[in-house]
Amino acid sequence: MLLNAIWVGFFLIGFLVAFFKMLQGDLGIFTRLMSGLFDAAKTGFDISLGLVGVMSLWLGIMRIGEKAGLIEQFAKLLAPLFHRIFPEVPKGHPASGSIVMNMSANMLGLDNAATPLGLKAMKELQLLNPKPDQASDAMIMFLVLNTAGITLIPTSVIAIRQTMAIEQGLKGFNGADIFLPALIGTFVSFSAGLIAVAWVQRIRLTSPPVLSFFAAFGGLIGLLYLSLQGLESHQLNQRIGLIGSVVILSVISLFMLAAVIRQVNVYESFVDGAKEGFSVAVQIIPYLVAMLVAISVFRNSGCMDYIVHGIGSIVRELGWDDRFVAALPVGLMKVLSGSGARGLMVDVMKTYGVDSFEGQLAAIIQGSTETTFYVLAVYFGSVNIRKTRHALACALWADLIGLIAAILIAYAFFGHSL
């Protein structure tokens with residue numbers, strides 16, 4: 001299995017590199033590896049338990065929506081599209097509604113809402129899975145679309161850039177200048193993931209429902225861009241926060257209102273759904289810890305630095321502009337760790353300046369790619385999937401295309417030519 005090979009490879013390659021560093025005089029390398037190992041295990045445990053409250057909240061809200069019949073209505077609305085992309089999911093199945101809600105939360109950048117909704121969808125897809133320890137086609141499509149998911153507005157990235165601009169004494173800086181480039185980048189990544197899975201599973205994407213979805217989404221992007229055009233950075237951040245808050249609270253209120261109309265006991269429905277939150281969070285602990293400790297060994301041994309330096313040498317030999325190489329660690333780390341990539345993004349901005357090409361590219365990459373290994377470990381771990389089939393390969397392909405697209409888009413918007 002590919003995931004097993006990568007996991008073992010992280011450990012063994014990291015150990016060998018650390019061993020050679022020790023022979024060269026770096027006597028503290030194994031101490032750093034051990035420290036990082038235990039820190040990663042603790043982080044995995046803390047993240048899992050930290051999800052309990054949020055998952056309980058959203059699983060409870062989802063149960064209200066189910067009882068009110070709105071989840072079923074969401075599924076019926078997108079049934080033509082979902083029937084093409086998820087052919088093995090029966091029409092009207094609860095999984096369709098959960099998938100819709102998850103993707104909507106991802107688009108709005110509502111990570112805390114998206115994760116529990118995604119875990120809910122995985123549990124429902126598992127009920128349709130004839131081989132409980134092996135990922136089904138529908139699970140793989142759902143996971144890849146999550147790892148390459150479209151984010152309309154990279155709120156946290158914009159906020160970080162604006163804060164750092166103040167620290168660096170920049171006046172009149174617009175931290176949202178990467179909004180459109182990041183949006184295009186995440187759309188390219190999403191399309192690459194969808195096409196890759198569709199090719200493996202032989203799903204035809206030229207059907208009218210799929211083409212209509214892309215046309216409608218393209219129109220939505222255009223309207224959103226026009227509505228935010230010309231706003232100052234602080235106004236844009238405020239507007240973005242307002243959009244997200246209004247949408248999510250409107251959904252909650254709509255669920256409750258519909259449940260009341262249908263004479264559903266709203267409180268008991270919420271509690272019934274929220275009970276699942278703790279068990280799901282505990283279920284993912286071993287999977288998340290396993291992935292994070294392997295990544296820690298690979299990163300702390302210096303393997304990531306060797307990869308970046310090697311790429312930089314090749315780029316210079318080809319005579320290309322090598323400014324993008326400084327931001328590559330953000331893209332490589334984003335596949336492994338979201339918090340690690342965020343730290344590397346901040347480091348690039350501190351080193352080169354938040355308004356530099358390197359800083360802009362790092363922000364675009366951070367805003368248009370996803371933490372593939374985290375999503376894979378959490379989502380598949382929540383339903384005890386051990387055989388991931390082509391999920392990882394398709395997700396990594398989408399990440400690669402997204403990273404290349406982010407670099408080209410950054411040059412098109414900010415860097416003239418490669």
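A helix here is a DSSP run of H or I at least four residues long, numbered from the N terminus. By that rule, helix α1 covers residues 2–23, and Phe20 lies in it. The model is predicted.

Phe20 belongs to a nonpolar patch of about 710 Å². An α-helix has 3.6 residues a turn, so residues three or four places apart point the same way.

Next come the charged pairs. Side chains of opposite charge can pair when their charged atoms come close. The count for this model is seven salt bridges. One of them joins Arg32 to Asp26, with the closest N and O atoms 2.8 Å apart. Arg32 has 42% relative accessibility, so it counts as partly exposed. Asp26 is partly exposed too, at 24%.

Another salt bridge joins Arg63 and Asp272, at 2.4 Å from N to O. This pair links distant parts of the chain, 209 residues apart. Arg63 sits in helix α2 (residues 29–68), and Asp272 in helix α12 (residues 266–274). Is Arg63 buried or exposed? Arg63 is buried, because its relative accessible area is 11% and the cut-off for buried is under 20%. Asp272, at 37%, is partly exposed.

A further bridge pairs Arg323 with Asp321. Their closest N and O atoms are 2.6 Å apart. Arg323 is partly exposed, with 29% relative accessibility.

Now look inside. Rolling a probe the size of a water molecule over the atoms shows where empty space is left. How many cavities of 30 Å³ or more does a search of the whole structure find? The search finds two. The largest cavity holds about 60 Å³ of space. Ten residues line this cavity, and those closest to its centre are Phe82, His83, Val89, Lys91 and Ser96. Helix α4 (residues 79–85) gives the largest share of the lining, three residues. By type, the lining of the largest cavity has six nonpolar residues, three polar and one charged.

Helix α19 (residues 372–381) is another place to look for burial. Nine of its 10 residues are buried, so helix α19 is largely enclosed by the rest of the structure. The buried residues of α19 include Phe373, Val375, Leu376, Val378, Tyr379 and Phe380. Thr372, Ala377 and Gly381 are buried as well.

His309 makes a contrast. His309 lies in helix α15 (residues 303–317). Its relative accessible area is 55%, so His309 counts as exposed. From His309 to Ala326 is 17 residues in sequence and 9.4 Å in space, C-alpha to C-alpha.

Finish with the backbone. Most residues other than glycine have a negative phi, and most peptide bonds are trans. Which way does phi go at Arg202, positive or negative? The phi of Arg202 is positive, about 60 degrees, although Arg202 is not a glycine. Arg202 is placed in the loop between α9 (179–201) and α10 (208–228). With a relative accessible area of 79%, Arg202 is exposed.

Gln263 also has a positive phi of about 60 degrees, and Gln263 is not a glycine. Look for Gln263 in the loop between α11 (233–261) and α12. At 74% relative accessibility, Gln263 is exposed.

Definitions and conventions:
Residues are numbered from 1 along each chain as its sequence is written. This is a predicted model: local features need pLDDT of at least 70, side-chain atom pairs count only at pLDDT 80 or more; totals for chains, interfaces and linings use all residues. Side-chain values use heavy atoms; hydrogens and water are left out. Patches are made of residues with over 30% relative accessible area and no salt bridge: like charges are joined within 9 Å, nonpolar side chains (Val, Leu, Ile, Met, Phe, Trp, Tyr) within 5 Å. Accessible areas come from the Shrake-Rupley method with a 1.4 Å probe; for residues, only the protein chains shown count as cover. A salt bridge is a side-chain nitrogen of Lys or Arg within 4 Å of a carboxyl oxygen of Asp or Glu. Helices (H or I, at least four residues) and strands (E, at least two) are DSSP runs, numbered from the N terminus. On a 1 Å grid over the protein atoms alone, a cavity is a set of points where a 1.4 Å probe fits but cannot get out, and a pocket is an open set with protein on both sides within 12 Å along at least five of seven lines; lining residues have an atom within 4 Å of a point. Grid points are joined across faces, edges and corners, and a volume is the space filled by probe spheres set on the points. Ala, Val, Leu, Ile, Met, Phe, Trp, Tyr, Cys and Pro count as nonpolar, Asp, Glu, Lys and Arg as charged, and the others, Gly among them, as polar. Buried means under 20% relative accessible area, exposed over 50%, partly exposed in between (1.4 Å probe, protein chains only).
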